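Here is a short briefing on one protein model. Look at the sequence and the fold, then read on.

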Amino acid sequence: MATKIRLQRFGKKGKPFFHVVVADSRSPRDGKFIERLGSYNPNTNPATIEINFDKTLDWVNKGAEPTDTCRAILSYKGVLYKKHLEGGVKKGALTAEQAETKFAEWLSAKDGKIEGKKDGLTKSKDEVKKAALAAEAKKNADRAAALAIKNAPVEEVVEEEGVAEVTEEAPVAETVTEETPAAEESNEEEKA
């Protein structure tokens, strides 16, 4: 029986959640499986991967073929690297202690990368929050300045409008005086 290590989909639409399972290659994606090895949640950043390392390594050594996505997950968690090192021990290229030290170094480097990514994400979130607060503070300052300009110069604007009204009234008065002789002439014509 050909076995595959693959993902079994769960979760609602748009929010997938997967179980990593060993199943017969002929069974449907979400159908029967032989054993559940772990879970994979791509919705978090970085993705959450929980795998039973020993069971997974045992199935890979037995010949279970991982799908492309599962191969990436197993490589990320170090299962395939551990299998590679065990192959080197079987061939006599490495001792078991050397293989263990290489795997421990690789694992610590991988954990460092993951922690670095998490720290980078938290720093970027903090920077975004600081930028948003600064933009909000600037917008509030601009609004306060606009209100201050609107409230303080109200008296000056009234004075300016008063001056403007005076200057506007003068031409109106002239037009009235100009119309007045015309109006007098029309009144004289009506009387005649």
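Which residues do ring pairs link into a cluster? They are Phe53, Tyr81, Phe103 and Trp106. This is a predicted model: local features need pLDDT of at least 70, side-chain atom pairs count only at pLDDT 80 or more, and totals for chains, interfaces and linings use all residues. Residues are numbered from 1 along each chain as its sequence is written, and side-chain values use heavy atoms, without hydrogens or water.

**Aromatic rings**
- Rings of Phe, Tyr and Trp (its six-membered ring) pair if their centres lie within 6.5 Å; planes under 30 degrees apart are stacked, over 60 edge-to-face, the rest tilted.
- The count comes to 5 aromatic pairs.
- Phe53 and Phe103 form a tilted pair, 5.7 Å centre to centre with 45° between the planes.
- Phe53 lies in helix H1 and Phe103 in helix H4 (residues 96-151), so this pair ties together parts 50 residues apart in sequence. Helices are DSSP runs (H or I, at least four residues) and so are strands (E, at least two), numbered from the N terminus.
- Phe103 is buried at 9% relative accessible area. Buried means under 20%, exposed over 50%, partly exposed in between (1.4 Å probe, protein chains only).
- Tyr81 and Phe103 are stacked, because their centres are 6.4 Å apart and their planes at 25°.

**Strands**
- Strands E3 (residues 35-41) and E4 pair in the antiparallel sense over 4 bridges; pairing needs at least two DSSP bridges.
- E3 and E4 form a hairpin with 6 residues between them.
- Along E4 (residues 48-51), Ile49 and Ile51 point to one face and are buried.
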